[in-house]
Every structure is written in C-alpha cells, then in structure tokens.
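Work through the exercises below with the model open. Try each task before you read its solution.

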Amino acid sequence: MIKHCFVVTSAVNSKFGVYNPEQRLQQTLATLDTIRTRAPGSKIILMECAGTPLTAEQDAALDAAADVFLDFTEDEDVQAIYQSDNWDVVKNTTEIMCFARTLQQCWDDGDFEGCDRIHKMSGRYLLNDQFDLST
C-alpha cells in the first residue's frame with residue numbers, strides 16, 4: 001500500500017480575506033479531517049504561517065489534529081513580510097518561505113521516512129471522492 005503524506009499550509013489569523021479566524025480555524029480542521037477520512041493512515045504535516053500568532057486554544061486544536069505541527073507565526077521573517085498590505089506579496093512570500101523551511105525541517109527530522117507520496121495542500125480545501133489512494 002502506498003503511504004501518503006500531506007503538507008498542509010495554513011494562515012488562521014490572516015489579516016486578509018473574508019473569513020474570520022474562527023471560521024478559518026474550523027475550515028482548516030475540516031481539511032485535516034477530510035485527509036483522515038479519505039486517506040486513512042496518511043501523515044499530516046501542518047504549517048501555520050500567518051503573521052498574527054495563534055491563541056493557545058487555536059494552537060492546541062491544530063496541534064492535536066496534525067501529526068507534525070510547525071508554527072511560523074512568530075518567526076521574525078514572517079513578521080517582517082506581514083508588515084506589507086499587499087495580500088499577494090504576504091500570502092505568496094510567506095507560504096513559499098515557510099514551505100521550504102518545512103520541507104527542510106521534516107527531511108532533517110525524518111518525518112518523510114516511509115512516505116511514498118508527498119502532497120502539498122492548502123488549508124481550507126477538502127479532499128473529495130476523486131482522491132485515489134492507489135497512485
């Protein structure tokens with residue numbers, strides 16, 4: 001059987017968009033739940049990269065739902081990027097930077113060992129019945 005790993009990007013406390021942090025948190029948790037339901041046995045690595053730090057409750061909920069949880073919200077580079085009011089710059093730059101750091105840290109920590117496929121998935125998206133575990 002193929003072992004899947006999902007690296008899920010998240011920005012719960014984003015200052016951009018139409019959803020408030022509670023809605024974004026629930027949507028992200030729903031993403032992780034669809035992975036658990038539609039791809040059982042998959043490893044879930046969650047990276048949080050908004051420039052506003054998580055509350056203790058948000059942190060606990062996300063940490064409990066993922067196998068590996070990396071919180072970059074207080075990283076000084078993320079904080080510097082988050083000073084921009086340009087949504088595209090903030091979203092794209094923080095996601096790319098944090099994704100590279102996540103890949104390196106997970107590689108170094110052995111989090112990808114035993115995984116045959118690694119998928120990058122944005123938080124707040126859901127797997128549907130088209131996801132094929134055999135590929």
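**Exercise 1. The whole chain**

What share of the contacts in the protein with a separation of 6 or more comes from residues 24 or more positions apart? Then describe the fold and its overall dimensions.

*Solution.* Note that this is a predicted model.
- Step 1. Residues 24 or more positions apart account for 71% of those contacts.
- Step 2. Count the elements: there are four helices and four strands. Their order along the sequence is β-α-β-α-β-α-α-β.
- Step 3. The C-alpha trace spans about 45 × 30 × 25 Å along its principal axes. Of the 135 residues, 42% count as buried.

**Exercise 2. The aromatic pairs**

Find how many aromatic pairs the structure holds, and classify each one.

*Solution.* A pair of aromatic rings is described by the distance of the centres and the angle of the planes.
- Step 1. A search of the whole structure gives two pairs.
- Step 2. Take Phe6 and Phe131. Their ring centres are 5.6 Å apart and their planes meet at 55°, so this pair is tilted.
- Step 3. Locate both residues. Phe6 is in strand S1 (residues 4-10) and Phe131 is in the segment after strand S4 (117-122), so the pair ties together parts 125 residues apart in sequence.
- Step 4. Phe6 has a relative accessible area of 2% and is buried. Phe131, at 21%, is partly exposed, because buried means under 20%.
- Step 5. Take Phe16 and Tyr82. The centres are 6.4 Å apart, with 75° between the planes, and the pair is edge-to-face.
- Step 6. Locate these two. Phe16 is in the loop between S1 and helix H1 (21-38), and Tyr82 is in the loop between helix H3 (76-81) and helix H4 (87-109), so parts 66 residues apart in sequence are tied together. Both Phe16 and Tyr82 are buried.
- Step 7. Look over the ring of Tyr82. The charged end of Lys15 sits there, 4.8 Å from the ring centre.

**Exercise 3. Helix H1**

Which elements do the buried residues of H1 pack against?

*Solution.* 
- Step 1. Size up H1. Its 18 residues reach 25 Å from first C-alpha to last, close to the expected 26 Å.
- Step 2. Pick out buried residues of H1, including Leu25, Leu29, Leu32 and Ile35.
- Step 3. Find the partners. The buried residues of H1 pack against S1, strand S2 (43-48), helix H2 (56-65) and S4.
- Step 4. Inspect the N-terminal end. Asn20 caps H1, with a side-chain oxygen 3.0 Å from the backbone nitrogen of Glu22.

Key. Residues are numbered from 1 along each chain as its sequence is written. This is a predicted model: local features need pLDDT of at least 70, side-chain atom pairs count only at pLDDT 80 or more; totals for chains, interfaces and linings use all residues. Side-chain values use heavy atoms; hydrogens and water are left out. Rings of Phe, Tyr and Trp (its six-membered ring) pair if their centres lie within 6.5 Å; planes under 30 degrees apart count as stacked, over 60 as edge-to-face and the rest as tilted. Helices (H or I, at least four residues) and strands (E, at least two) are DSSP runs, numbered from the N terminus. Buried means under 20% relative accessible area, exposed over 50%, partly exposed in between (1.4 Å probe, protein chains only). A charge sits over a ring if NZ of Lys or CZ of Arg is within 6 Å of the ring centre and within 35 degrees of the ring normal. The expected span of a helix is 1.5 Å times one less than its number of residues. Contact means heavy atoms within 4.5 Å. A polar contact is a pair of N or O atoms within 3.5 Å; within protein, one must be able to donate a hydrogen and the other to accept it, and residues adjacent in sequence count only if both atoms are side-chain atoms.
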